[in-house]
Amino acid sequence: MATTLYSTPCRSLATSSSSSSSLQPCPLSSNLAYPQRVTFSQRFLASKVSLKSQPQPYQIPVHTQQPEGTVTAAVTPVENGTSHKQLKADLLSLKSPDESEDGFEKDENESSVSITVVGASGDLAKKKIFPALFALYYEDCLPKHFTIYGYARSKMTDAELRNMVSKTLTCRIDKRENCNEKMDQFLIRCFYHSGQYDSQENFAALDKKLKEHEGGRTSNRLFYLSIPPNIFIDAVKCASLSASSGNGWTRVIVEKPFGRDSESSAALTKSLKQYLTEDQIFRIDHYLGKELVENLSVLRFSNLIFEPLWSRQYIRNVQLIFSEDFGTEGRGGYFDHYGIIRDIMQNHLLQILALFAMETPVSLDAEDIRNEKVKVLRSMRPLRLEDVVIGQYKSHTRGGVTYPAYVDDKTVPSGSLTPTFAAAALFIDNARWDGVPFLMKAGKALHNKRAEIRVQFRHVPGNLYNRNFGTDLDRATNELVIRVQPDEAIYLKINNKVPGLGMKLDRSNLNLHYAARYSKEIPDAYERLLLDAIEGERRLFIRSDELDAAWSLFTPVLKELEEKKIIPEYYPYGSRGPVGAHYLAARHNVRWGDLGTDVDH
Ligand SMILES: NC(=O)C1=CN([C@@H]2O[C@H](COP(=O)(O)OP(=O)(O)OC[C@H]3O[C@@H](n4cnc5c(N)ncnc54)[C@H](OP(=O)(O)O)[C@@H]3O)[C@@H](O)[C@H]2O)C=CC1
Ligand SMILES: O=C1O[C@H](COP(=O)(O)O)[C@@H](O)[C@H](O)[C@H]1O
């Protein structure tokens, strides 16, 4: 049968154009019409052919691995009695002469990349990692020879993993043309291997499977540790000793939390370095992959109008605000061990601060940027207890609905004092930022979901129009808002004359609203970061000295909060958070910018 399959008229088919008009049926004893080269993808799809349903026409997408891309061929079981079982068996047995065992064409000169999601059965893998990988595939950003492996203890077959991935996959691509077809093509590159995280033997079995897919090509391997932190080291040890690449690169993406204070973070780094070099470790902070965070440097360093203003001379304060309109919801077990300061401030908000405040790097090279970030972090004063306010959400009934308290979460120990809200004032003791408060505010179960950077500028000295603003001169200062999410935007609040004969001023926005300006969707942060890790770009990943500096700022206050058992200020679920945050800001002569003075937002 195989010789009939690869008959000449059909061979030209798969390697030529992807237009359906060029598809020609190739006669086969079982009356199938199919393309010349039946690849692995078809064999996987053939496994779907055994659908319990009645015979019907199938569209089988064929990833030819040719530069021309993808062709689609109709495979139609017809009335001649071919059973589904036979059809499946026929398709599964097909193999092109120049295919390797996994069905991909052999090309010894090219390298392959495998991405192993360790903890593939978990929440993050389903919510973020697989969707991001699919989006990258859809956008043709993944290398030609790639394989994705899910690894976890749960028992699953490849088909079950694929099913899980396709069911949970919701991402920006969903509404795009050909999404389903691309999804099918993507899924056939996804496999599953069940194993323990501390078993070298299980990782060695994975290694064997990876080698089969690599088909003799140079193998590059990326492991994404999407597992709880207490098993990071076991998994790194086993992956590096039993499944790292022999002839290409091996990289490991490590998810936060990177420890819970300076000591545990240093211990984690030390253990990781027993098995990996710093260059192999990609510590992910997904906020660095967000579009507007990446744009911060562009805004600052490529617009003459901003950089000269970027200092204590013109900037009165900077605010970094994160809020979520939902509670810990199921992640209370993890959260209670960390709290909002470790979950959001010490990493996401501090990383943004470092990018915002760093000096101009020598170049856009990862090391140059990270050098500047470390300098800023090391110029900062460790956070003092008096400059922190903590809160915890309590139950609240609104519109007949009762929203739970943090401690109502079954995974949270009763009487927990873990903060779900915090506000803090931080200072950078260097020439550029001396005396400028950097205020952070982060909370769960608040009134909205938002992440933004607010830059409040100083008053105009001797402002000719002061009297037009009445007594509230604060309202007259300029404010630059970088809204990271949702509904990405950058807007500058300016004072403007209201058109008309009188002299009335108002506050208006010069507004760059992304949805209005750009038709392209914004990629998810995980897409950018995964692609960077595959490409070896480290700019958006955290270096170990950055991490040390970050922990040095927060460790003393975290210890004090815990040792002194400071009671958080309770705020109702869905509110704007504890009033203490306003007093803290007022002590530093700051008014939070997110309190409703924005126009059109
Ligand atoms: N979920 C999220 O939104 C975010 C998560 N993170 C981080 O990403 C990582 C993964 O998060 P998430 O997916 O939520 O984690 P999960 O709790 O869902 O764990 C992932 C997988 O790890 C295995 N696992 C869980 N607990 C244990 C255990 N005690 N011992 C051994 N294996 C275990 C399970 O797989 P199996 O039983 O099949 O082996 C599970 O499916 C964590 O480090 C987390 O802090 C970071 C940011 C956001
Ligand atoms: O790292 C984390 O981030 C999420 C918020 O991420 P976002 O991209 O949805 O803004 C947060 O919910 C979670 O607690 C934290 O661990």
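Reply: Helix 5 and helix 7 are roughly perpendicular to each other, a label used for angles of 65 to 115 degrees. Helices here are DSSP runs of H or I with at least four residues, numbered from the N terminus. This is a predicted model, where local features need pLDDT of at least 70, side-chain atom pairs count only at pLDDT 80 or more, and totals for chains, interfaces and linings use all residues. Residues are numbered from 1 along each chain as its sequence is written, while chains are lettered from A and ligands numbered from 1 in the order in which they are written.

Helix 5 covers residues 123-138 and helix 7 covers residues 179-187; their axes cross at roughly 110° and come within 10 Å. Those axes are lines fitted to C-alpha atoms over the stretch in contact, with angles from 0 to 180 degrees between N-to-C directions.

So who touches whom? On the helix 5 side you'll find Phe-134, Tyr-137 and Tyr-138, and they meet Lys-182, Met-183 and Phe-186 of helix 7. Contact means C-beta atoms, placed from the backbone, within 7 Å. By type, that's five nonpolar residues, one charged and no polar; nonpolar covers Ala, Val, Leu, Ile, Met, Phe, Trp, Tyr, Cys and Pro, charged covers Asp, Glu, Lys and Arg, and the others, Gly among them, are polar.

How values were computed
Helices (H or I, at least four residues) and strands (E, at least two) are DSSP runs, numbered from the N terminus. Angles under 35 degrees count as roughly parallel, over 145 as roughly antiparallel, 65 to 115 as roughly perpendicular and the rest as oblique. Two residues are in contact if their C-beta atoms, placed from the backbone, lie within 7 Å.
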